[in-house]
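Subject: Structure handover

Hello,

Here is the structure for you to take over. Please open it alongside this note.

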Amino acid sequence: MSERGALRTRLELLAREVAKFGAVGAFGLVVNIAVSNLLWRTTDLQVVRAGLLATFVAILFNYVGFRYWTYRDRDKTGRTRELTLFLLFSAVGAVIETGVLYVATYGFGWNTPLQSNIFKILGIGIATLFRFWSYRTWVFKALPVKETVPGAEGFLKQGRTEPVPRAAQADSVRR
């Protein structure tokens, strides 16, 4: 495969990964905003505390979507390590997300329902960039690339190079 073709394939796989990550994240956003607004309107919790609680509900929802859909083809060994890192990076994302809401609410006094929602969504957007990078880099690790028969190219499947099927290997060895 040429360098240009390999780059195109990698970009297509990255685009697919971003789309799946975004779809799960969009559902998580709906959960996060719905729970935030429910808590803001029905409880006496402070704005930031209610927003943080909603973030953790969305994090649990997102883990299931990421593990079983977005990154289902990734390494499944070491679930304890995976979940620990997921929760750690999610907590850092929650600090980023809640930090934006905190500064808006207590730093600038912007705490009307509309302003709280705007800054909640802004914080989620900033934290999402961090989460995407950290989840794909550290949490849901790609499986190692398998070696192929010399002279025969592997084919790409879900971002991993797989060996050429045995029939094709025998063909390339005969040549």
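Below is what was found in it.

First, the ground rules. This is a predicted model, in which local features need pLDDT of at least 70, side-chain atom pairs count only at pLDDT 80 or more, and totals for chains, interfaces and linings use all residues. Residues are numbered from 1 along each chain as its sequence is written, and side-chain values use heavy atoms, with hydrogens and water left out.

Overall layout. The chain has 5 helices and 2 strands. These are DSSP runs numbered from the N terminus (helices are H or I, at least four residues; strands are E, at least two). Their order from the N terminus is α-α-α-α-β-β-α. Of the 175 residues, 34% count as buried (buried is under 20% relative accessible area, exposed over 50%, partly exposed in between; 1.4 Å probe, protein chains only). Contact means heavy atoms within 4.5 Å. Take the contacts between residues at least 6 apart in sequence: 66% of them join residues at least 24 apart.

The H1–H2 pair. Helix H1 covers residues 3–42 and helix H2 residues 47–70. Their axes come within 8 Å and cross at roughly 150°. Axes here are lines fitted to C-alpha atoms, for helices over the stretch in contact, and angles run from 0 to 180 degrees between N-to-C directions. H1 and H2 are therefore roughly antiparallel (the label applies to angles over 145 degrees). The residues of their contact divide into 17 nonpolar, 8 polar and 2 charged. Nonpolar covers Ala, Val, Leu, Ile, Met, Phe, Trp, Tyr, Cys and Pro; charged covers Asp, Glu, Lys and Arg; the others, Gly among them, are polar.

Ala23 sits in H1. Ala23 is partly exposed, at 28% relative accessibility.

The cores. A nonpolar core is a set of buried Ala, Val, Leu, Ile, Met, Phe, Trp, Tyr and Cys residues joined through side-chain atoms within 4.5 Å. The largest has 12 residues, including Phe21, Ile59, Tyr63, Phe86 and Phe132. H1, H2, helix H3 (79–107) and helix H4 (113–139) each supply at least two of its residues. Another core, of 9 residues, lies apart from it and includes Trp40, Ala50, Val100 and Ala104.

Two residues to look at. Leaving out residues up to four places away in sequence, Tyr63 touches Arg79, Glu82, Leu83, Phe86 and Phe140. Thr98, in H3, is buried at 11% relative accessible area. Beyond its neighbours within four places in sequence, Thr98 contacts Val48 and Leu52.

Best wishes

Note on methods: Parallel < 35°, antiparallel > 145°, perpendicular 65-115°, else oblique.
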